[in-house]
Amino acid sequence: MTIPVQTDLLTKRYGDLTAVDRVSLAVRPGEVYGFLGPNGAGKTTTLRMLLGLVRPTSGTVRLFGHSLGTPGHLAQVGALIEGPGFYPYLSGRDNLRVLARYGGASQTRVEVVLDMVDLTARSRDRYGTYSLGMKQRLGVAAALLKDPRLLILDEPTNGLDPAGMADIRTLIRRLGASGCTVLLSSHLLGEVQQICDRVGVISRGRLVAENSVAELRGSASLWVVADPIDLAVARARSLLGDHRVHIDDGGLRVDVAGDRAAWINAELVDAGVAISELRVRERDLEQVFFELTDEGVSHVG
Amino acid sequence: MWGSVRAEMFKLVRRPATWLLLAVALVLGLTFTYLIPYAGYAGGTGGPRSGRGLAAILPAGLVGNSIGGLPVFLGAIALMLGVLIAGGEYGWGTWKTVLAQGPSRLTVYAGKLVAVAAATLALLLAMFASGAVTSAVIATVEKAPLHWPALGDLAIGLGAGWLIATMWAVLGVLLGVGMRGVALPIGLGLVWMLAVQNLLAVVAAPLLDWVAELQKGLPGPNAGSLAASLGATTDTPGVAHLVGGGQAAVVVAIYLVGFAAAGGLLLRSRDIL
(Lines give C-alpha, C1' and ligand atoms only; values in the text may rest on other atoms or scores of the structure.)
Protein backbone atom coordinates (compact mmCIF):
# COMPACT_ATOMS: atom_id res chain seq x y z
CA MET A 1 0.00 0.00 0.00
CA THR A 2 1.27 3.51 -0.83
CA ILE A 3 2.61 5.43 2.14
CA PRO A 4 0.35 8.42 2.88
CA VAL A 5 3.15 10.77 3.96
CA GLN A 6 6.81 10.37 3.23
CA THR A 7 9.43 13.07 3.44
CA ASP A 8 13.07 12.62 2.65
CA LEU A 9 15.65 15.01 4.07
CA LEU A 10 13.09 17.80 3.96
CA THR A 11 14.76 21.12 4.65
CA LYS A 12 13.60 24.73 4.80
CA ARG A 13 15.99 27.63 5.30
CA TYR A 14 15.15 31.30 5.70
CA GLY A 15 18.48 33.01 5.14
CA ASP A 16 20.78 31.75 7.88
CA LEU A 17 17.95 30.20 9.85
CA THR A 18 17.25 26.53 9.25
CA ALA A 19 13.59 26.12 10.23
CA VAL A 20 13.38 22.46 9.18
CA ASP A 21 16.52 20.39 8.99
CA ARG A 22 16.64 17.17 6.96
CA VAL A 23 13.39 15.75 8.31
CA SER A 24 12.57 12.26 7.05
CA LEU A 25 9.29 11.02 8.39
CA ALA A 26 6.84 8.40 7.29
CA VAL A 27 3.20 8.14 8.25
CA ARG A 28 1.78 4.68 7.68
CA PRO A 29 -1.63 3.91 6.21
CA GLY A 30 -4.47 4.05 8.71
CA GLU A 31 -2.48 5.29 11.67
CA VAL A 32 -3.01 8.38 13.80
CA TYR A 33 0.39 10.03 13.88
CA GLY A 34 1.17 12.70 16.45
CA PHE A 35 3.58 15.45 15.47
CA LEU A 36 5.04 17.14 18.52
CA GLY A 37 7.49 19.91 19.11
CA PRO A 38 8.00 23.13 21.05
CA ASN A 39 6.96 26.48 19.62
CA GLY A 40 9.18 27.37 16.69
CA ALA A 41 10.51 23.82 16.34
CA GLY A 42 9.40 23.61 12.72
CA LYS A 43 6.11 21.70 13.01
CA THR A 44 3.89 24.08 11.10
CA THR A 45 6.56 24.80 8.50
CA THR A 46 6.84 21.04 7.91
CA LEU A 47 3.06 20.70 7.58
CA ARG A 48 2.94 23.70 5.23
CA MET A 49 5.62 22.05 3.09
CA LEU A 50 3.55 18.86 2.94
CA LEU A 51 0.70 20.90 1.45
CA GLY A 52 2.89 22.90 -0.94
CA LEU A 53 2.18 26.21 0.82
CA VAL A 54 5.86 26.60 1.64
CA ARG A 55 8.48 25.52 -0.88
CA PRO A 56 11.19 23.25 0.55
CA THR A 57 14.78 24.45 0.18
CA SER A 58 15.75 20.83 -0.42
CA GLY A 59 14.40 17.35 0.12
CA THR A 60 11.24 15.73 -1.11
CA VAL A 61 7.62 15.30 -0.06
CA ARG A 62 5.37 12.51 -1.27
CA LEU A 63 1.72 12.15 -0.34
CA PHE A 64 0.36 8.77 -1.47
CA GLY A 65 3.32 8.65 -3.82
CA HIS A 66 2.57 12.01 -5.47
CA SER A 67 5.31 14.62 -5.40
CA LEU A 68 4.72 18.29 -4.59
CA GLY A 69 3.14 20.20 -7.44
CA THR A 70 1.87 17.18 -9.36
CA PRO A 71 -1.86 17.09 -10.09
CA GLY A 72 -2.70 14.31 -7.64
CA HIS A 73 -0.64 15.70 -4.78
CA LEU A 74 -3.56 16.83 -2.61
CA ALA A 75 -6.31 14.78 -4.26
CA GLN A 76 -6.88 12.60 -1.19
CA VAL A 77 -5.81 15.04 1.48
CA GLY A 78 -7.76 17.29 3.82
CA ALA A 79 -6.03 19.79 6.07
CA LEU A 80 -6.47 22.36 8.77
CA ILE A 81 -3.29 24.37 9.17
CA GLU A 82 -2.52 26.96 11.85
CA GLY A 83 -6.08 27.84 12.73
CA PRO A 84 -9.14 28.28 10.58
CA GLY A 85 -9.21 30.88 7.80
CA PHE A 86 -12.59 31.69 6.24
CA TYR A 87 -14.52 34.54 4.63
CA PRO A 88 -16.21 36.51 7.43
CA TYR A 89 -19.02 37.84 5.24
CA LEU A 90 -20.19 34.35 4.25
CA SER A 91 -22.08 31.88 6.42
CA GLY A 92 -20.36 28.71 7.58
CA ARG A 93 -22.32 26.73 5.00
CA ASP A 94 -21.47 29.13 2.17
CA ASN A 95 -17.80 29.03 3.13
CA LEU A 96 -17.89 25.28 2.73
CA ARG A 97 -19.82 25.57 -0.55
CA VAL A 98 -17.08 27.84 -1.89
CA LEU A 99 -14.38 25.41 -0.80
CA ALA A 100 -16.31 22.49 -2.29
CA ARG A 101 -16.19 24.28 -5.64
CA TYR A 102 -12.44 24.77 -5.41
CA GLY A 103 -11.83 21.17 -4.44
CA GLY A 104 -14.45 19.48 -6.58
CA ALA A 105 -16.41 18.13 -3.60
CA SER A 106 -20.16 17.68 -3.94
CA GLN A 107 -22.56 20.17 -2.37
CA THR A 108 -24.29 17.33 -0.49
CA ARG A 109 -20.97 16.61 1.22
CA VAL A 110 -21.21 20.07 2.78
CA GLU A 111 -24.24 19.00 4.79
CA VAL A 112 -22.53 15.76 5.82
CA VAL A 113 -19.43 17.46 7.23
CA LEU A 114 -21.47 20.17 8.96
CA ASP A 115 -23.31 17.39 10.73
CA MET A 116 -20.04 15.60 11.58
CA VAL A 117 -18.75 18.62 13.48
CA ASP A 118 -22.16 19.49 14.95
CA LEU A 119 -22.49 22.85 13.21
CA THR A 120 -25.67 22.34 11.21
CA ALA A 121 -27.80 24.49 13.52
CA ARG A 122 -25.53 27.53 13.13
CA SER A 123 -24.43 26.91 9.56
CA ARG A 124 -26.51 29.76 8.12
CA ASP A 125 -24.97 32.34 10.45
CA ARG A 126 -22.14 34.52 9.20
CA TYR A 127 -18.71 33.12 9.97
CA GLY A 128 -17.73 36.45 11.52
CA THR A 129 -20.23 35.83 14.33
CA TYR A 130 -18.81 32.41 15.24
CA SER A 131 -17.02 31.69 18.51
CA LEU A 132 -13.42 30.46 18.36
CA GLY A 133 -14.59 26.91 18.97
CA MET A 134 -17.14 27.08 16.16
CA LYS A 135 -14.52 28.46 13.80
CA GLN A 136 -12.24 25.58 14.72
CA ARG A 137 -14.99 23.05 14.06
CA LEU A 138 -15.70 24.64 10.70
CA GLY A 139 -11.99 24.27 9.95
CA VAL A 140 -12.20 20.57 10.69
CA ALA A 141 -15.33 20.35 8.52
CA ALA A 142 -13.44 21.98 5.64
CA ALA A 143 -10.64 19.45 6.06
CA LEU A 144 -13.19 16.63 5.76
CA LEU A 145 -14.92 18.02 2.66
CA LYS A 146 -13.20 15.75 0.16
CA ASP A 147 -13.72 12.65 2.31
CA PRO A 148 -9.92 12.44 2.48
CA ARG A 149 -7.77 9.37 3.00
CA LEU A 150 -5.22 11.56 4.77
CA LEU A 151 -6.17 14.25 7.24
CA ILE A 152 -3.55 16.77 8.35
CA LEU A 153 -4.68 18.64 11.45
CA ASP A 154 -2.64 21.36 13.10
CA GLU A 155 -3.85 21.98 16.66
CA PRO A 156 -7.45 20.96 15.86
CA THR A 157 -8.74 21.37 19.41
CA ASN A 158 -7.49 24.94 19.90
CA GLY A 159 -10.20 27.12 21.35
CA LEU A 160 -12.61 24.26 22.02
CA ASP A 161 -14.23 23.68 25.39
CA PRO A 162 -13.67 20.28 27.04
CA ALA A 163 -16.79 18.81 25.44
CA GLY A 164 -15.74 20.12 22.02
CA MET A 165 -12.23 18.71 22.49
CA ALA A 166 -13.67 15.33 23.41
CA ASP A 167 -15.91 15.44 20.32
CA ILE A 168 -12.96 16.16 18.03
CA ARG A 169 -10.89 13.43 19.68
CA THR A 170 -13.75 10.98 19.18
CA LEU A 171 -14.06 12.08 15.56
CA ILE A 172 -10.32 11.59 14.98
CA ARG A 173 -10.45 8.14 16.57
CA ARG A 174 -13.45 7.25 14.43
CA LEU A 175 -11.71 8.44 11.28
CA GLY A 176 -8.61 6.49 12.23
CA ALA A 177 -10.69 3.38 12.85
CA SER A 178 -12.35 3.78 9.46
CA GLY A 179 -8.99 3.64 7.70
CA CYS A 180 -8.32 7.37 7.32
CA THR A 181 -4.73 8.27 8.09
CA VAL A 182 -4.40 11.22 10.44
CA LEU A 183 -1.35 13.43 10.94
CA LEU A 184 -2.05 15.43 14.07
CA SER A 185 -0.02 18.26 15.49
CA SER A 186 -1.01 19.22 19.00
CA HIS A 187 0.46 20.92 22.02
CA LEU A 188 -1.77 18.83 24.26
CA LEU A 189 0.49 15.90 25.04
CA GLY A 190 -2.23 14.07 26.94
CA GLU A 191 -4.41 14.29 23.89
CA VAL A 192 -1.68 12.87 21.66
CA GLN A 193 -1.02 10.10 24.17
CA GLN A 194 -4.71 9.18 24.10
CA ILE A 195 -5.33 9.06 20.39
CA CYS A 196 -2.07 8.59 18.51
CA ASP A 197 -0.56 5.31 17.43
CA ARG A 198 2.87 6.76 16.69
CA VAL A 199 4.58 10.03 17.44
CA GLY A 200 7.26 12.11 15.77
CA VAL A 201 9.04 14.67 17.91
CA ILE A 202 10.69 17.65 16.25
CA SER A 203 13.10 19.95 18.06
CA ARG A 204 15.03 22.86 16.56
CA GLY A 205 13.98 21.73 13.10
CA ARG A 206 15.19 18.15 13.47
CA LEU A 207 13.16 15.00 13.95
CA VAL A 208 14.61 13.70 17.21
CA ALA A 209 12.34 10.70 17.73
CA GLU A 210 9.76 8.72 15.82
CA ASN A 211 8.15 5.74 17.46
CA SER A 212 4.97 4.30 18.91
CA VAL A 213 3.66 6.07 22.00
CA ALA A 214 4.20 2.94 24.09
CA GLU A 215 7.80 2.54 22.99
CA LEU A 216 8.58 6.18 23.54
CA ARG A 217 7.19 6.00 27.06
CA GLY A 218 9.22 2.89 27.75
CA SER A 219 8.27 0.15 30.24
CA ALA A 220 6.60 0.85 33.55
CA SER A 221 8.35 0.51 36.92
CA LEU A 222 7.31 0.03 40.53
CA TRP A 223 7.84 2.68 43.12
CA VAL A 224 8.13 1.47 46.71
CA VAL A 225 8.37 3.39 49.99
CA ALA A 226 10.07 0.95 52.31
CA ASP A 227 11.70 0.87 55.74
CA PRO A 228 14.50 0.17 56.24
CA ILE A 229 15.40 1.16 52.70
CA ASP A 230 18.88 -0.42 52.79
CA LEU A 231 17.40 -3.81 53.54
CA ALA A 232 14.78 -3.31 50.83
CA VAL A 233 17.44 -2.41 48.26
CA ALA A 234 19.60 -5.40 49.18
CA ARG A 235 16.66 -7.83 48.98
CA ALA A 236 15.31 -6.41 45.71
CA ARG A 237 18.76 -6.45 44.09
CA SER A 238 19.31 -10.03 45.18
CA LEU A 239 16.06 -10.94 43.43
CA LEU A 240 16.35 -8.81 40.27
CA GLY A 241 19.95 -7.69 39.90
CA ASP A 242 21.57 -4.34 40.63
CA HIS A 243 20.61 -2.72 37.32
CA ARG A 244 16.87 -2.96 37.96
CA VAL A 245 16.76 -1.47 41.44
CA HIS A 246 17.45 2.23 42.13
CA ILE A 247 16.96 4.64 45.01
CA ASP A 248 14.82 7.40 43.62
CA ASP A 249 13.02 10.31 45.26
CA GLY A 250 13.25 8.85 48.77
CA GLY A 251 11.89 5.50 47.65
CA LEU A 252 12.84 2.47 45.65
CA ARG A 253 12.37 2.28 41.88
CA VAL A 254 12.13 -1.29 40.67
CA ASP A 255 12.16 -1.75 36.91
CA VAL A 256 9.69 -4.61 36.52
CA ALA A 257 6.22 -4.84 35.03
CA GLY A 258 3.27 -3.74 37.11
CA ASP A 259 1.83 -7.24 37.36
CA ARG A 260 4.78 -8.26 39.59
CA ALA A 261 3.87 -5.76 42.32
CA ALA A 262 2.28 -8.36 44.61
CA TRP A 263 5.30 -10.66 44.30
CA ILE A 264 7.77 -7.87 45.17
CA ASN A 265 5.58 -6.82 48.08
CA ALA A 266 5.54 -10.34 49.49
CA GLU A 267 9.30 -10.83 49.08
CA LEU A 268 10.14 -7.56 50.82
CA VAL A 269 7.72 -8.17 53.68
CA ASP A 270 9.15 -11.69 54.14
CA ALA A 271 12.60 -10.08 54.42
CA GLY A 272 11.37 -7.87 57.27
CA VAL A 273 10.81 -4.68 55.29
CA ALA A 274 7.79 -2.50 56.13
CA ILE A 275 6.03 -1.26 52.99
CA SER A 276 4.07 1.98 53.36
CA GLU A 277 3.45 2.61 49.65
CA LEU A 278 3.76 0.60 46.46
CA ARG A 279 2.49 1.69 43.07
CA VAL A 280 3.08 1.29 39.38
CA ARG A 281 4.78 4.32 37.89
CA GLU A 282 4.62 5.02 34.16
CA ARG A 283 6.42 7.74 32.29
CA ASP A 284 3.93 9.90 30.48
CA LEU A 285 4.49 11.45 27.10
CA GLU A 286 5.15 14.83 28.66
CA GLN A 287 8.24 13.54 30.47
CA VAL A 288 9.50 11.92 27.29
CA PHE A 289 8.82 15.14 25.38
CA PHE A 290 10.83 17.24 27.80
CA GLU A 291 13.71 14.78 27.76
CA LEU A 292 13.81 14.80 23.96
CA THR A 293 13.43 18.52 23.47
CA ASP A 294 15.03 19.98 26.60
CA GLU A 295 12.02 22.25 26.93
CA GLY A 296 10.26 23.62 29.99
CA VAL A 297 6.50 23.47 30.37
CA SER A 298 6.06 27.10 29.34
CA HIS A 299 7.61 26.42 25.96
CA VAL A 300 5.46 23.54 24.92
CA GLY A 301 3.59 24.23 21.69
CA MET B 1 -10.42 25.83 -13.41
CA TRP B 2 -14.21 26.11 -13.81
CA GLY B 3 -14.66 25.28 -10.12
CA SER B 4 -12.30 28.09 -9.16
CA VAL B 5 -14.14 30.53 -11.42
CA ARG B 6 -17.48 29.58 -9.86
CA ALA B 7 -16.02 29.89 -6.37
CA GLU B 8 -14.57 33.32 -7.11
CA MET B 9 -17.79 34.55 -8.68
CA PHE B 10 -19.79 33.28 -5.69
CA LYS B 11 -17.51 35.17 -3.28
CA LEU B 12 -17.56 38.31 -5.42
CA VAL B 13 -21.34 38.44 -5.63
CA ARG B 14 -21.83 37.72 -1.93
CA ARG B 15 -19.29 40.28 -0.78
CA PRO B 16 -20.88 43.55 0.42
CA ALA B 17 -17.79 45.57 -0.53
CA THR B 18 -18.34 44.65 -4.20
CA TRP B 19 -21.77 46.26 -4.23
CA LEU B 20 -20.57 49.24 -2.24
CA LEU B 21 -17.83 49.91 -4.80
CA LEU B 22 -20.32 49.55 -7.67
CA ALA B 23 -22.72 51.95 -5.96
CA VAL B 24 -19.95 54.49 -5.31
CA ALA B 25 -18.77 54.22 -8.92
CA LEU B 26 -22.29 54.82 -10.27
CA VAL B 27 -23.03 57.70 -7.91
CA LEU B 28 -19.71 59.42 -8.62
CA GLY B 29 -19.99 58.79 -12.35
CA LEU B 30 -23.53 60.12 -12.65
CA THR B 31 -22.89 63.05 -10.32
CA PHE B 32 -19.80 64.40 -12.04
CA THR B 33 -20.67 63.38 -15.59
CA TYR B 34 -24.33 64.37 -15.72
CA LEU B 35 -25.86 65.92 -12.61
CA ILE B 36 -23.37 68.68 -11.82
CA PRO B 37 -22.91 69.71 -15.47
CA TYR B 38 -26.70 69.69 -15.87
CA ALA B 39 -27.16 71.73 -12.70
CA GLY B 40 -24.59 74.20 -14.05
CA TYR B 41 -26.39 74.35 -17.41
CA ALA B 42 -29.83 74.69 -15.82
CA GLY B 43 -28.70 77.36 -13.39
CA GLY B 44 -26.64 79.17 -16.00
CA THR B 45 -23.70 79.37 -13.61
CA GLY B 46 -21.06 78.16 -16.04
CA GLY B 47 -18.46 75.59 -14.96
CA PRO B 48 -16.08 73.13 -16.51
CA ARG B 49 -18.42 71.89 -19.21
CA SER B 50 -20.57 74.94 -19.59
CA GLY B 51 -18.95 75.66 -22.94
CA ARG B 52 -20.43 72.51 -24.41
CA GLY B 53 -23.67 73.06 -22.58
CA LEU B 54 -26.46 70.61 -22.90
CA ALA B 55 -24.91 68.77 -25.83
CA ALA B 56 -22.23 67.24 -23.60
CA ILE B 57 -24.72 65.31 -21.52
CA LEU B 58 -27.16 64.11 -24.16
CA PRO B 59 -27.35 60.47 -25.36
CA ALA B 60 -25.06 61.19 -28.32
CA GLY B 61 -22.15 61.57 -25.88
CA LEU B 62 -22.91 58.32 -24.05
CA VAL B 63 -19.69 56.50 -25.01
CA GLY B 64 -17.28 59.25 -23.99
CA ASN B 65 -19.26 60.10 -20.88
CA SER B 66 -19.37 56.45 -19.74
CA ILE B 67 -15.63 55.85 -20.01
CA GLY B 68 -14.30 59.33 -19.22
CA GLY B 69 -13.88 58.57 -15.50
CA LEU B 70 -11.84 55.41 -16.04
CA PRO B 71 -8.37 56.95 -16.38
CA VAL B 72 -8.55 58.28 -12.82
CA PHE B 73 -11.41 57.98 -10.32
CA LEU B 74 -13.37 55.05 -11.75
CA GLY B 75 -10.03 53.41 -12.42
CA ALA B 76 -9.19 53.87 -8.75
CA ILE B 77 -12.38 52.03 -7.82
CA ALA B 78 -11.48 49.21 -10.21
CA LEU B 79 -8.02 49.05 -8.62
CA MET B 80 -9.58 48.79 -5.16
CA LEU B 81 -11.80 45.95 -6.37
CA GLY B 82 -8.74 44.08 -7.66
CA VAL B 83 -6.88 44.56 -4.40
CA LEU B 84 -9.86 43.29 -2.41
CA ILE B 85 -10.22 40.19 -4.59
CA ALA B 86 -6.59 39.14 -4.20
CA GLY B 87 -5.34 40.85 -1.05
CA GLY B 88 -8.29 39.88 1.12
CA GLU B 89 -7.15 36.26 1.02
CA TYR B 90 -4.01 37.20 2.97
CA GLY B 91 -5.81 39.18 5.65
CA TRP B 92 -8.29 36.39 6.35
CA GLY B 93 -5.74 33.59 6.06
CA THR B 94 -7.86 31.95 3.38
CA TRP B 95 -5.11 31.16 0.86
CA LYS B 96 -4.12 28.11 2.92
CA THR B 97 -7.76 27.03 3.30
CA VAL B 98 -8.41 27.32 -0.43
CA LEU B 99 -5.14 25.72 -1.57
CA ALA B 100 -5.55 22.87 0.92
CA GLN B 101 -8.61 21.84 -1.13
CA GLY B 102 -6.25 20.93 -3.95
CA PRO B 103 -6.40 23.51 -6.75
CA SER B 104 -3.07 24.85 -7.95
CA ARG B 105 -2.15 28.42 -7.18
CA LEU B 106 -2.38 29.39 -10.83
CA THR B 107 -5.80 27.80 -11.17
CA VAL B 108 -7.09 29.89 -8.28
CA TYR B 109 -5.33 32.94 -9.70
CA ALA B 110 -6.89 32.41 -13.11
CA GLY B 111 -10.29 32.15 -11.42
CA LYS B 112 -9.64 35.49 -9.75
CA LEU B 113 -8.71 37.11 -13.07
CA VAL B 114 -11.91 35.84 -14.66
CA ALA B 115 -13.90 37.21 -11.70
CA VAL B 116 -12.10 40.55 -12.02
CA ALA B 117 -12.90 40.71 -15.73
CA ALA B 118 -16.55 39.84 -15.08
CA ALA B 119 -16.78 42.50 -12.36
CA THR B 120 -15.29 45.23 -14.55
CA LEU B 121 -17.59 44.25 -17.41
CA ALA B 122 -20.55 44.55 -15.03
CA LEU B 123 -19.23 47.94 -13.91
CA LEU B 124 -18.98 49.14 -17.51
CA LEU B 125 -22.44 47.85 -18.39
CA ALA B 126 -23.84 49.59 -15.32
CA MET B 127 -22.07 52.83 -16.27
CA PHE B 128 -23.42 52.68 -19.81
CA ALA B 129 -26.94 51.74 -18.67
CA SER B 130 -27.18 54.39 -15.97
CA GLY B 131 -25.66 56.98 -18.31
CA ALA B 132 -28.16 56.05 -21.03
CA VAL B 133 -31.11 56.42 -18.67
CA THR B 134 -29.82 59.69 -17.18
CA SER B 135 -28.98 61.29 -20.53
CA ALA B 136 -32.34 60.16 -21.96
CA VAL B 137 -34.16 61.74 -19.01
CA ILE B 138 -32.21 64.98 -19.47
CA ALA B 139 -32.94 64.99 -23.20
CA THR B 140 -36.63 64.37 -22.57
CA VAL B 141 -36.86 67.07 -19.91
CA GLU B 142 -35.03 69.56 -22.14
CA LYS B 143 -36.94 68.43 -25.22
CA ALA B 144 -33.62 67.74 -26.96
CA PRO B 145 -33.29 65.11 -29.73
CA LEU B 146 -32.59 61.54 -28.64
CA HIS B 147 -29.65 60.68 -30.91
CA TRP B 148 -27.94 57.50 -29.73
CA PRO B 149 -24.43 56.42 -30.73
CA ALA B 150 -24.17 53.74 -33.40
CA LEU B 151 -24.18 50.18 -32.11
CA GLY B 152 -20.61 49.67 -33.33
CA ASP B 153 -19.42 52.77 -31.46
CA LEU B 154 -21.15 51.55 -28.34
CA ALA B 155 -19.44 48.17 -28.65
CA ILE B 156 -16.02 49.74 -29.21
CA GLY B 157 -16.54 52.12 -26.30
CA LEU B 158 -17.67 49.30 -24.06
CA GLY B 159 -14.67 47.21 -25.08
CA ALA B 160 -12.21 50.04 -24.56
CA GLY B 161 -13.70 50.89 -21.18
CA TRP B 162 -13.61 47.24 -20.18
CA LEU B 163 -9.96 47.07 -21.20
CA ILE B 164 -9.04 50.13 -19.12
CA ALA B 165 -11.04 49.08 -16.05
CA THR B 166 -9.66 45.54 -16.19
CA MET B 167 -6.11 46.86 -16.52
CA TRP B 168 -6.52 48.90 -13.32
CA ALA B 169 -8.25 46.05 -11.50
CA VAL B 170 -5.49 43.62 -12.45
CA LEU B 171 -2.93 46.16 -11.23
CA GLY B 172 -4.88 45.99 -7.96
CA VAL B 173 -4.57 42.18 -8.01
CA LEU B 174 -0.82 42.49 -8.56
CA LEU B 175 -0.47 44.97 -5.70
CA GLY B 176 -2.61 42.78 -3.41
CA VAL B 177 -0.48 39.71 -4.17
CA GLY B 178 2.78 41.65 -4.07
CA MET B 179 2.11 43.29 -0.72
CA ARG B 180 0.12 40.38 0.72
CA GLY B 181 -2.72 42.46 2.06
CA VAL B 182 -5.28 45.14 1.38
CA ALA B 183 -4.57 48.41 3.17
CA LEU B 184 -1.10 49.22 1.85
CA PRO B 185 -1.83 48.25 -1.78
CA ILE B 186 -4.98 50.36 -1.83
CA GLY B 187 -3.16 53.28 -0.24
CA LEU B 188 -0.20 53.16 -2.59
CA GLY B 189 -2.39 52.46 -5.61
CA LEU B 190 -4.53 55.51 -4.88
CA VAL B 191 -1.47 57.68 -4.29
CA TRP B 192 -0.21 56.66 -7.72
CA MET B 193 -3.52 57.16 -9.50
CA LEU B 194 -4.77 60.29 -7.80
CA ALA B 195 -1.56 62.12 -6.91
CA VAL B 196 1.53 60.93 -8.79
CA GLN B 197 -0.15 60.68 -12.21
CA ASN B 198 -1.59 64.16 -11.76
CA LEU B 199 1.72 65.64 -10.60
CA LEU B 200 3.53 64.09 -13.55
CA ALA B 201 0.99 65.48 -16.01
CA VAL B 202 0.48 68.92 -14.51
CA VAL B 203 3.83 69.74 -12.87
CA ALA B 204 6.62 67.58 -14.28
CA ALA B 205 5.68 67.07 -17.94
CA PRO B 206 5.47 70.78 -18.82
CA LEU B 207 8.92 71.34 -17.29
CA LEU B 208 10.83 68.25 -18.38
CA ASP B 209 10.71 66.87 -21.91
CA TRP B 210 11.73 63.38 -20.85
CA VAL B 211 8.80 63.21 -18.41
CA ALA B 212 6.48 64.31 -21.19
CA GLU B 213 7.87 61.48 -23.34
CA LEU B 214 7.73 59.03 -20.44
CA GLN B 215 4.04 59.83 -19.99
CA LYS B 216 3.33 58.33 -23.41
CA GLY B 217 4.35 54.95 -22.05
CA LEU B 218 2.56 55.03 -18.70
CA PRO B 219 -0.76 53.27 -18.13
CA GLY B 220 -2.76 56.30 -16.94
CA PRO B 221 -1.99 58.64 -19.83
CA ASN B 222 -2.63 55.82 -22.33
CA ALA B 223 -5.95 55.05 -20.67
CA GLY B 224 -6.75 58.77 -20.88
CA SER B 225 -5.78 58.88 -24.54
CA LEU B 226 -7.92 55.86 -25.33
CA ALA B 227 -10.91 57.44 -23.59
CA ALA B 228 -10.29 60.76 -25.35
CA SER B 229 -10.12 59.05 -28.73
CA LEU B 230 -13.63 57.67 -28.12
CA GLY B 231 -15.22 60.97 -27.20
CA ALA B 232 -14.45 61.53 -23.52
CA THR B 233 -14.04 65.22 -22.89
CA THR B 234 -10.56 66.43 -22.03
CA ASP B 235 -12.10 68.48 -19.21
CA THR B 236 -12.18 65.20 -17.27
CA PRO B 237 -9.12 64.55 -15.07
CA GLY B 238 -6.68 62.18 -16.76
CA VAL B 239 -8.28 62.41 -20.20
CA ALA B 240 -5.97 63.91 -22.85
CA HIS B 241 -4.91 63.31 -26.45
CA LEU B 242 -1.30 62.29 -25.75
CA VAL B 243 -1.13 59.34 -28.16
CA GLY B 244 -3.45 57.88 -30.78
CA GLY B 245 -6.33 55.64 -29.75
CA GLY B 246 -4.91 52.53 -31.41
CA GLN B 247 -1.52 52.88 -29.78
CA ALA B 248 -3.16 53.61 -26.42
CA ALA B 249 -5.28 50.46 -26.67
CA VAL B 250 -2.19 48.35 -27.41
CA VAL B 251 -0.22 49.87 -24.51
CA VAL B 252 -3.11 49.39 -22.07
CA ALA B 253 -3.49 45.77 -23.24
CA ILE B 254 0.26 45.20 -22.77
CA TYR B 255 0.03 46.56 -19.22
CA LEU B 256 -2.97 44.33 -18.55
CA VAL B 257 -1.10 41.22 -19.66
CA GLY B 258 2.07 42.34 -17.86
CA PHE B 259 0.30 42.98 -14.56
CA ALA B 260 -1.52 39.64 -14.79
CA ALA B 261 1.70 37.74 -15.56
CA ALA B 262 3.67 39.48 -12.79
CA GLY B 263 0.94 38.69 -10.24
CA GLY B 264 0.86 35.07 -11.32
CA LEU B 265 4.62 34.72 -11.11
CA LEU B 266 4.71 36.27 -7.63
CA LEU B 267 1.92 34.07 -6.35
CA ARG B 268 3.47 30.95 -7.82
CA SER B 269 7.00 31.56 -6.58
CA ARG B 270 6.48 32.81 -3.04
CA ASP B 271 5.53 30.91 0.09
CA ILE B 272 2.00 31.25 1.44
CA LEU B 273 2.64 32.48 4.96
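Strand β7 of chain A, residues 77-80, has both faces covered. A:Val77 and A:Ala79 sit on one side, A:Gly78 and A:Leu80 on the other, and all of them are buried. Keep in mind that this is a predicted model.

Who does β7(A) pair with? Its partner is strand β8 of chain A (residues 150-154), and the two run parallel over 4 bridges. Look at A:Leu80 and you'll find A:Leu153 as its bridge partner in β8(A).

## The sheet in chain A

Zoom out and β7(A) turns out to belong to an open sheet of 6 strands, ordered β7-β8-β9-β4-β10-β11, with mixed pairing. The edges are β7 and β11 (206-212) of chain A, each pairing on one side only. On average, neighbouring strands here are turned by 15° against each other, direction ignored.

Further along, β4 (residues 32-36) and β10 (residues 198-203) of chain A also pair in the parallel sense, again through 4 bridges. A:Gly34 has A:Val199 of β10(A) as its bridge partner.

## Helices on the sheet

Helix α5 of chain A (residues 162-177) packs on this sheet, where it touches β4, β8 and β9 (181-185) of chain A. The direction of α5(A) makes about 145° with that of β9(A).

Then there's helix α10 of chain A, residues 285-293, which lies across β4, β10 and β11 of chain A. Against β10(A), helix α10(A) runs at about 35°.

## A helix that is well wrapped

Now for α2 of chain A, residues 92-103. With 12 residues at 1.5 Å each, this helix should span 16 Å, and its end C-alpha atoms are 17 Å apart, which agrees.

Why call α2(A) largely enclosed by the rest of the structure? Because 11 of its 12 residues are buried. Among them are charged-looking names such as A:Arg93, A:Asp94 and A:Arg101, along with A:Leu96, A:Val98 and A:Tyr102. The cover over these buried residues includes α3 (107-116) and α4 (132-144) of chain A, together with α1 and α5 of chain B.

## Where the chains meet

That brings us to the contact between the chains, which takes 23 residues from chain A and 22 residues from chain B. On the chain B side, α1 (2-14) and α5 (94-99) each supply at least two residues. The biggest giver on that side is α1(B), with 7 residues. By class, the side of chain B that touches chain A has 9 nonpolar, 7 polar and 6 charged residues.

Note on methods:
Residues numbered from 1 in each chain as written. Chains lettered and ligands numbered in written order. Predicted model: local features only at pLDDT ≥ 70, side-chain atom pairs only at ≥ 80, totals over all residues. Contact = placed C-beta atoms within 7 Å. Expected span 1.5 Å × (residues − 1). Buried ≥ 20, exposed ≤ 12 C-beta atoms within 10 Å, placed from the backbone. Pairing = 2+ DSSP bridges. Axes fitted to C-alpha atoms, helices over the stretch in contact; angles between N-to-C directions.
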